[in-house]
Amino acid sequence: MNSIQISLVFISGCSFLSGVLFFFVYSKTVDSGRTYLYFSLASFSLAITSGADSMAYLSSSVDEYLFYFKIALFFIYLFALILAFFVASYTNVKSKIFLMISSVLISLIILGHTFSKYTLYFTRISEMKALELAWGDIIYFPVADNSIWFPFIAAVIFSLFGYYVISVYLQFKQGGKRDAFFLAFPVAILILAALRDFYVDYSGKPSFYILEYAYFFLILLMSLKLANRVVEGARIKKELAENERRWRGVLESVDLVVIGLSNKGEVNYANPFYLKLTGFERDRVIGLNWFENFLPKVAQEKVENAFHHIDLHGHFQNSILTRTGEQRIIAWSNVKFNDEADMFSGTLSIGVDITDKINAENELKEAYEQVQIFKNRLEDENIYLKEEIKTEHNLGNILGKSTALSYVLNRVKDVADKDMDILIEGETGVGKELFARAIHDGSIHHDRPLIKVNCAAISSSLIESELFGHEKGAFTNAHKMRKGRFELADGGTLFLDEIGELPRETQSKLLRVVQDGEFERVGSSNTIKVNVKIISATNRVLSQEVEAGRFRADLYYRLSVFTISIPPLRKRHGDVPILVNAFAKKYADKHNKMIDQIAPHTMQILEDYHWPGNVRELQNVIERAVILSKGRALQVRENLINSNNSTQVSSHNNLEITNLDEVNFRHISQVLNDTNWKIEGDNGAAILLGLKPSTLRSRLKKLNIKRLV
């Protein structure tokens, strides 16, 4: 066997193992299961293709070559089709009509290929010739005439490639940038390899095929990505299990009746308080039908009907039987649960025994409110955990030691435990959310969740519902009541990212919440009061937005009780090396690479760059560099950095020329006020600004900054 055949056998073996692994993952996974199934089948197809091709290269006779070549082509067509289904499932961009048409065309190609004598590639094969490649390997290739069906086959295959590209693009537009990038890179290599191999086929030039290597590159990268998904899914499941354990502990200790029922009405949970109240043993309860065994006959039909229409019967009361036959009246509050397919899977009913208090309306009301609060907390926790599963966020530390960053961190520390609204200003990519989380973690609300809303990512027609919630039937597709982010953040912190993008008509309603702490859900006239600490963030200069009439002045002054300006990366002198080393280690671990060296000239290039995209841009550049680096030293393509410098820096400088005096005026004035106009010495404004006292005085004169007496 020569080196080409050895490599193909290696690819075949690795692809087969990948197929086995992800078929096992598919068999154990409910969420995204089809994605793993398609990937497994694609891996198996590539394994067979590579194995057959390795044998074809050994074949010196036409019959033997045709036997293995037909097998290889059969599974390569199958691979291309399965890959289309994988891309559709992976990107959530589905086109049933396109996939149906593609399936029919590929099926016709496979049938024609199977029953034609020389496959649809050739009309005949006259002989096999040996070819010595540049590195010394000997392979055999056919001397043949191309079939008229060859362009048709190429058109179908490249239409599939076009579908891959469109799906990746649509996923990118829908916000899945990381997944889109991960798929786009191997797909691009796949298309280039296909172009080269189709050219070889059509021109009849003797050469070995590289398409399997491109396929293997895609399999390898997507294996890493899907494996990361599996690991992340396991982490989320662990968190959900921990959350379930915590809530089960609460349910086990609370002095309320708690009963869990399956969708068939069978008891799957009964807490100790219920067992103590009724005298039943747990084994006598679990698995039995609730309506037939534990309710009086006169109540069975009514309660079972309410169970099957639980959306209309969230609260009711009925009698239950004890072991001795005594009846106890329970006031229930019911929580409905759906499975992954959004099908009804059962209920959790929380009740209070009101038998001895049935005539005491005041005590009954107090107990009912206690049940309602408990139910609301359980629902809120369930909603928030589901949203956290869908959102990937970074909880890393804020890295750096520059004077500018130290100043901002001191301001964060000063204001974190204060009960006031905070406005965070900064360019795109400086990490405003990270600073907001730091403020939240240092506040008295740190044990409550930080609820986030990206005002720029939600359409103007939905932002009001997202913030304040809506009632069932408030608008089209409002099939059930939904709490808004303000209700979820009650008693905690709400982070309003990109507040400058908030529609003008919504600003007045937000102002009311900020001022009075009250609002109404969409479609409701009932006023809800909340106590929420608001942290806003923007990459705009809101004072200019106020002057332009795009942002309400009264809302601006309410939100900016305390303003924190995050410095851009180009102002954080000395922080770039720290961030580069941290990102290099992070992405080296992520991509299973050993990167432990950064050359001085590479670091100098990174420090000299203007970074118009700030920390986010630096993070992306380092990840790309880690992926492309071949050895243990981080390799950054200088032409990439220089290209960014030549285009992005100039545009950013144009922006700064327009606003530089105003930014300097505001920043210097703010620092002077914070230092009580102390210019020189320790903790003086000059040190905090990184300027000489004489330079600072010159700036004060130039900008006409004066102290108001």
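Predicted model: local features only at pLDDT ≥ 70, side-chain atom pairs only at ≥ 80, totals over all residues.
Close-up 1. Strand E12 covers residues 493-497, and five bridges tie it to E9, with the two strands running parallel. Strands in a sheet pair up through backbone hydrogen bonds, in either a parallel or an antiparallel way.

**Close-up 2. The whole sheet, strand by strand.** Step back and you'll find five strands in an open sheet, in the order E9-E12-E15-E8-E16, with parallel pairing. Who stands at the edges? Those are strand E9 (450-454) and strand E16 (562-565); each has a single partner strand, so one side of each has no neighbour in the sheet. On average, and ignoring direction, neighbouring strands here are turned by 20 degrees against each other.

**Close-up 3. Helices H4 and H5 packed together.** To describe two packed helices, you give the angle between their axes and the distance between those axes. For H4 (residues 96-115) and H5 (residues 150-173), the angle is about 150 degrees and the axes are 11 Å apart. Angles over 145 degrees count as roughly antiparallel, and H4 and H5 are therefore roughly antiparallel to each other. Their crossing is left-handed. Look for the residues making the contact: among them are Phe98, Leu105 and Ile109 on H4, and Phe152, Val156 and Tyr163 on H5.

**Close-up 4. Ser669 in helix H23.** Ser669 sits in H23, the helix spanning residues 638-674. Is Ser669 buried or exposed? Its relative accessibility is 15%, so Ser669 counts as buried, the cut-off being under 20%. A polar atom of the Ser669 side chain lies 2.7 Å from the backbone oxygen of Phe665.

Note on methods: Residues numbered from 1 in each chain as written. Heavy atoms only, no water. Helix = DSSP H or I, 4+ residues; strand = E, 2+ residues; numbered from the N terminus. Buried < 20%, exposed > 50% of the residue type's maximum accessible area, 1.4 Å probe, protein only. Polar contact = N/O pair within 3.5 Å; in protein donor to acceptor, adjacent residues only side chain to side chain. Pairing = 2+ DSSP bridges. Axes fitted to C-alpha atoms, helices over the stretch in contact; angles between N-to-C directions. Parallel < 35°, antiparallel > 145°, perpendicular 65-115°, else oblique. Left-handed = near helix turned anticlockwise from the far one by under 90°. Contact = heavy atoms within 4.5 Å.
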